[in-house]
Amino acid sequence: LRINRMPEADQEFRKAIALAPSHGDTNNNYGKFLCERGNRQDAMKYFQRALADPFYKTPEVANTNAGACLLKFKDYTAAEPYLRKALEIQSGYGPALLDMAQLELDQNKAFEARGYMQRFETAGQATPQSLLLGYQIATRLGDKDMATNYSNRLQDQFPNSSQAQSLNGPDHD
């Protein structure tokens with residue numbers, strides 16, 4: 001979506017949903033769009049519609065997006081069941097594993113967060129987000145060697161990412 005074209009994008013989503021009101025992918029995508037714009041309440045309605053579609057082929061995606069949306073608003077109690085459901089459907093689903101790691105870390109459960117991080121690393125490809133999260137978890141656990149490893153990987157693999165830049169700031173140590 002192009003910058004400053006949000007009203008048009010919103011209108012296109014609404015047209016698509018009017019044509020197929022119960023279509024899982026469309027409802028999930030619109031829910032994600034709404035959440036990214038801070039409209040949590042409406043976003044959750046569309047995630048629910050996506051999950052209600054019996055023909056929706058990737059419910060782990062809508063469950064993860066719903067959980068991630070709630071996580072964005074720090075509603076950990078509501079986010080967790082969605083993320084757990086996504087992992088019940090597909091135990092190695094990377095985005096849900098990362099979001100669960102973030103959820104646990106945000107609730108000061110670094111050891112549990114590390115478990116989800118390890119599962120992610122077994123199943124998925126490193127991203128700037130995952131390496132920064134790994135760094136944060138290792139730091140919280142006091143594992144300096146592991147934190148340095150994550151930091152080095154982030155700097156080497158994604159030197160221009162905002163995550164790598166955040167480690168180059170004055171707070172990095």
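Modeller: Rings of Phe, Tyr and Trp (its six-membered ring) pair if their centres lie within 6.5 Å; planes under 30 degrees apart count as stacked, over 60 as edge-to-face and the rest as tilted. With that rule, ring pairs link Phe-13, Tyr-30, Phe-33 and Tyr-46 into a cluster.

Colleague: Before we go on, what sort of model is this?

Modeller: A predicted model: local features need pLDDT of at least 70, side-chain atom pairs count only at pLDDT 80 or more, and totals for chains, interfaces and linings use all residues. Residues are numbered from 1 along each chain as its sequence is written, and side-chain values use heavy atoms, with hydrogens and water left out.

Colleague: OK. How many aromatic pairs come out?

Modeller: The count is four aromatic pairs. One of them is Tyr-30 with Phe-33, which is stacked, at 6.0 Å centre to centre and 20 degrees between the planes. Both residues lie in helix H2, three residues apart, about one turn of the helix. Helices here (H or I, at least four residues) and strands (E, at least two) are DSSP runs, numbered from the N terminus.

Colleague: Tyr-30 and Phe-33, buried or exposed?

Modeller: Tyr-30 is buried, with a relative accessible area of 1%, and Phe-33 is buried with 5%. Buried means under 20% relative accessible area, exposed over 50%, partly exposed in between (1.4 Å probe, protein chains only).

Colleague: And what about Tyr-30 and Tyr-46, how are those rings arranged?

Modeller: Tyr-30 and Tyr-46 pair edge-to-face, 4.7 Å centre to centre with 75 degrees between the planes. Tyr-30 lies in helix H2 and Tyr-46 in helix H3 (residues 40–52), so the pair ties together parts that are 16 residues apart in sequence. Tyr-46 is buried, and so is Tyr-30.

Colleague: Which residue lies over the face of Phe-33?

Modeller: Arg-37, at 4.0 Å from the ring centre. The rule for a charge over a ring is NZ of Lys or CZ of Arg within 6 Å of the ring centre and within 35 degrees of the ring normal.

Colleague: Switching topic. How many disulfides do you count?

Modeller: One disulfide, where the rule is a pair of cysteine sulfur atoms within 2.5 Å. Cys-35 is joined to Cys-69, S to S 2.1 Å. The pair links distant parts of the chain, with Cys-35 in helix H2 (residues 24–36) and Cys-69 in helix H4 (residues 59–72), 34 residues apart.

Colleague: Why do you call it right-handed?

Modeller: Because the torsion about the S-S bond of Cys-35 and Cys-69 is about 105 degrees. Cys-35 is buried at 5% relative accessible area, and Cys-69 is buried at 2%.

Colleague: Let's zoom out. What's the secondary structure of the chain?

Modeller: Ten helices and zero strands. The C-alpha trace spans about 55 × 35 × 25 Å along its principal axes. Of the 173 residues in the chain, 40% are buried.

Colleague: Which residues touch the most other members of the largest nonpolar core?

Modeller: Tyr-30, Met-44, Met-117, Leu-133 and Ile-137, out of 46 residues in that core. Helix H6 (residues 94–106) gives the most to this core, with seven residues. A nonpolar core is a set of buried Ala, Val, Leu, Ile, Met, Phe, Trp, Tyr and Cys residues joined through side-chain atoms within 4.5 Å.

Colleague: What does Leu-133 touch?

Modeller: Leaving out residues up to four places away in sequence, Leu-133 touches Leu-98, Ala-101, Gln-102, Leu-105 and Met-117. Contact means heavy atoms within 4.5 Å.

Colleague: Where is Glu-104, and is this residue buried or exposed?

Modeller: Glu-104 lies in helix H6, and is buried with a relative accessible area of 4%.

Colleague: Last one: where is Ala-110 found?

Modeller: Ala-110 is in helix H7 (residues 110–123), and counts as buried at 7% relative accessibility. The C-alpha atoms of Ala-110 and Leu-141 are separated by 6.3 Å, though the two are 31 residues apart along the chain. Beyond neighbours within four places in sequence, Ala-110 is in contact with Leu-105, Ile-137, Arg-140 and Leu-141.
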